[in-house]
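Please read it alongside the sequence and the coordinates.

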Amino acid sequence: MQLNGIKKELGHRIDDSRDGIISAVRGLIQIPSVNIPPDGGEKPAQEYLKRIFDSLKVNNSFVNLDSIPGLQDHDAYYHGRNYHDRPNFIARYPGGGDGKSLLLSGHIDTMPVGDVAWTCDPFGGEIHDGKLYGRGAFDMKGGIGAMVMAIKAIVNSGVELRGDLLFESVVDEEHAGCNGTLANRLIGHNADAVILSEPSNMSIYPAHKGFRIVHLILKGNSGMAFAGEKLENPVEHLGRLIESIKQFRNQRRLNVEIPPIYQNDPDPVPVFITKLQAGEFSFRIPMTIPDTCRLEVYWQTMPGEAQEEIEQEFFDFIDEWCAQDSFFKKNPPEKEFSLRWMPGSQIKEDHPLVATTGKIYEENTGDKANVQGAPYPCDLFIFNKYWNIPGIILGSGGGNAHGADEFVFVDDLISLTKIYAYTILEWCGVK
């Protein structure tokens, strides 16, 4: 049968499996796999995936991160995590050996539910107005489910591929983890190209941003001046420090070279103040001036920016600003980095994988594919930087990632399953 005929047959099979696709994603959402460092609860969701691949009789296994030689010694390893009972899951559908291999990759861990009220059960998998709700629905169990169901459609149709088809569901990507992704590279679960199912609203992302987080800590004197003590209140100086961060933001916007793929991004190098802490609203704490005030600054970086340059730019700015302020000249804030450094990453916009997925998207939807840089960091840099494996991000549409009432569009799950399936056929080749 010609390739177009195989695509048509697969398309019918996927359309007929609509309820099964929705059910598979709902099943994943209903199994919590929350990551709260240093621990995580991903194993039950990995076992759910294993049962699917066992039923397909596709070779699969768990990967114990604690047993991988060289993992903790690798430059990209992020220390301070616990991987007891937190396995990666991998599967391989072998091809004939004369085609290109493709890896479909996703992370199974999710952010916690958070303390903002949800209007639906975070683990209920409820569907309302064409939206499937739940923690991880958008980021990224919807994408993982679509990948799995695309593989299932191919296997059940009896299609024989020329190149190997690989799948993985990794642990500990959230909170800047990436060790699960690194582990699978070290054991050789690699391919000629990779697609990540991070949420992309059906756009194709050949690039993603990096990030750095720093805590600025102001010190003062705790207490109340009931006996005439001279106390220094760090909170009273906080406003000027916040204004300095705004100046740093403006400097970044003016000075950073923006790659063409990010030219349409309204704020390609954002700088956010993400947390502020001074004292505690509690009767357990005396009524007193806080002795410490902490400010968290998060900023994103472009592909190609180096860690040393990013850090030096920030420190030089803060040091120069402090030298011009009478208080901060004598009391410069302490600086502590939070989480790991994550670099941005990019492949060429005309890479064959971009062209293939773009062509398939247009054939399937009738619209031209939107190719741009991802507005967030992720673990794709592990593939590109350390293994020279080209990769893109292609995931469903939805909303409220990391927030309350996270959701994925149901119709996107069906379209995405088709796009993954057709990409597999085109990239790996059919016998």
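**Helix packing and backbone details**

In this predicted model, helix H1 (residues 3-16) packs against helix H4 at an angle of about 120°, with the two axes 10 Å apart. That angle makes H1 oblique to H4, and H1 passes H4 in a right-handed crossing.

**Contact of H1 with H4**

- On the H1 side the contact is made by Glu 9, Leu 10, Arg 13 and Ile 14, which meet Ala 153, Ile 154, Asn 156 and Ser 157 in H4.
- By residue class, the contact of H1 with H4 divides into four nonpolar, two polar and two charged residues.

**Contact of H6 with H7**

- Two packed helices are described by the angle between their axes and by the distance between those axes.
- For helix H6 (residues 238-255) and helix H7 (residues 307-323), the angle is about 135° and the axes are 11 Å apart.
- H6 and H7 are therefore oblique to each other, since an angle counts as roughly antiparallel when over 145 degrees, and their crossing is right-handed.
- H6 contributes Arg 240, Leu 241, Ser 244, Ile 245, Gln 247, Phe 248, Gln 251 and Arg 252, and these residues meet Ile 310, Glu 313, Phe 314, Phe 317, Ile 318 and Trp 321 in H7.
- The residues of the contact of H6 with H7 divide into eight nonpolar, three polar and three charged.

**Cis peptide bonds**

- Most residues other than glycine have a negative phi, and most peptide bonds are trans.
- Pro 37 and Pro 38 are joined by a cis peptide bond with omega of about 10°, and Pro 38 is found in the loop between strand E1 (35-36) and strand E2 (39-40).
- A cis peptide bond also runs from Asp 139 to Met 140, with omega near 0°, and here Met 140 is found in helix H4 (residues 137-157).

- Ala 176, a residue other than glycine, has a positive phi near 65°, and its place is in the loop between strand E8 (165-170) and helix H5 (179-186).
- With a relative accessibility of 6%, Ala 176 counts as buried, the cut-off for that class being under 20%.
- Asn 388 likewise is not a glycine and has a positive phi, of about 55°; Asn 388 lies in the loop between helix H10 (380-387) and strand E17 (391-394).
- Asn 388 is exposed, with a relative accessible area of 68%.

**Cysteines and a buried lysine**

- The structure holds zero disulfides.
- The sulfur atom of Cys 378 has its closest cysteine sulfur in Cys 178, at 7.9 Å, which is too far for a bond because a disulfide needs the two sulfur atoms within 2.5 Å.
- Cys 378 is buried, with a relative accessible area of 0%, and Cys 120 is buried as well, with a relative accessible area of 8%.
- Lys 209 is placed in the loop between strand E10 (204-208) and strand E11 (210-219), where Lys 209 counts as buried at 1% relative accessibility.
- Although Lys 209 and Cys 378 are 169 residues apart along the chain, their C-alpha atoms are separated by 7.7 Å.

Conventions: Residues numbered from 1 in each chain as written. Predicted model: local features only at pLDDT ≥ 70, side-chain atom pairs only at ≥ 80, totals over all residues. Heavy atoms only, no water. Buried < 20%, exposed > 50% of the residue type's maximum accessible area, 1.4 Å probe, protein only. Axes fitted to C-alpha atoms, helices over the stretch in contact; angles between N-to-C directions. Helix = DSSP H or I, 4+ residues; strand = E, 2+ residues; numbered from the N terminus. Parallel < 35°, antiparallel > 145°, perpendicular 65-115°, else oblique. Left-handed = near helix turned anticlockwise from the far one by under 90°. Contact = heavy atoms within 4.5 Å. Nonpolar A, V, L, I, M, F, W, Y, C, P; charged D, E, K, R; others polar.
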